[in-house]
Each structure stands twice: as structure tokens, then as C-alpha cells.
Amino acid sequence: MVSEDVLRTHLQELRRGTVVVASLVALRHPDYGYALLQRLAAHGFPVDANTLYPLLRRLEEQGLLTSEWNTEESRPRKFYRTSDEGEAVLARLLDDLAAIQTSVTGLTEGVDR
């Protein structure tokens with residue numbers, strides 16, 4: 001039987017890339033980091049804050065997210081949103097994800113391509 005540590009490692013690797021896709025999808029509607037953490041977790045993407053915040057900064061540096069500070073509330077919050085470039089990358093990632101799913105399904109069901 002496979003150990004829990006081995007399984008946990010492989011699940012973590014599998015989810016690492018999907019968190020980028022999930023974040024770009026979720027941030028089509030502007031949101032701040034903590035709310036995004038909660039929304040992702042509610043949709044089956046549990047992410048640690050120490051993972052998400054550097055990811056958001058990296059996606060912003062790559063031009064895939066835009067951000068702005070909301071200072072109207074008692075505590076200023078940085079809101080992120082998927083940029084036009086992020087939408088273009090997301091479309092390609094979603095296409096590739098669908099192709100991967102099709103390939104895995106074909107392998108699982110023994111269907112030749």
C-alpha cells in the first residue's frame with residue numbers, strides 16, 4: 001500500500017499548477033488575498049497563505065494579474081484581477097487542461113488516439 005506521504009507529495013504536485021488556473025478564473029472578479037484563499041478552499045483548492053501570496057505577486061509581475069489598493073475600508077486591502085494577458089494565458093491553460101483530461105481518459109479507457 002502507498003504511504004500517505006507519497007500520496008500527499010503527488011497530490012501536491014498535481015494541484016500546484018491547477019492553483020494557477022483556479023486563481024486566474026476566480027480573479028475574473030476582483031478579490032483580495034484572504035477572500036481568494038477562502039473561495040479557492042470552498043471549491044476544492046485548499047491553498048496555504050504562504051503559497052498563495054507569492055503566487056499572486058509572481059502572476060502580477062508576469063502581467064497576468066492587475067492590482068489596486070482599496071483604502072475606503074478601515075483596513076486597506078490589495079485587490080487583484082485577471083488582466084487581459086491573464087485571460088489569454090488562462091484560455092491556453094484551460095485548453096491544455098482539457099486535452100490532458102481527454103488523454104488521461106483515453107488511457108484509462110484504453111482508447112487509441
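User: Hi! Which residue forms a salt bridge with Lys78?

Analyst: Glu60 does, with the closest N and O atoms 3.3 Å apart. A salt bridge here is a side-chain nitrogen of Lys or Arg within 4 Å of a carboxyl oxygen of Asp or Glu. This is a predicted model, where local features need pLDDT of at least 70 and side-chain atom pairs count only at pLDDT 80 or more, while totals for chains, interfaces and linings use all residues. Residues are numbered from 1 along each chain as its sequence is written, and side-chain values use heavy atoms, leaving out hydrogens and water.

User: What does the Lys78 and Glu60 pair tie together?

Analyst: Lys78 lies in strand β3 (residues 77-82) and Glu60 in helix α3 (residues 49-61), so the pair links parts 18 residues apart in sequence. Helices (H or I, at least four residues) and strands (E, at least two) are DSSP runs, numbered from the N terminus.

User: Is Asp31 buried or exposed?

Analyst: Buried, at 12% relative accessibility. Arg39 is partly exposed at 26%. Buried means under 20% relative accessible area, exposed over 50%, and partly exposed in between (1.4 Å probe, protein chains only).
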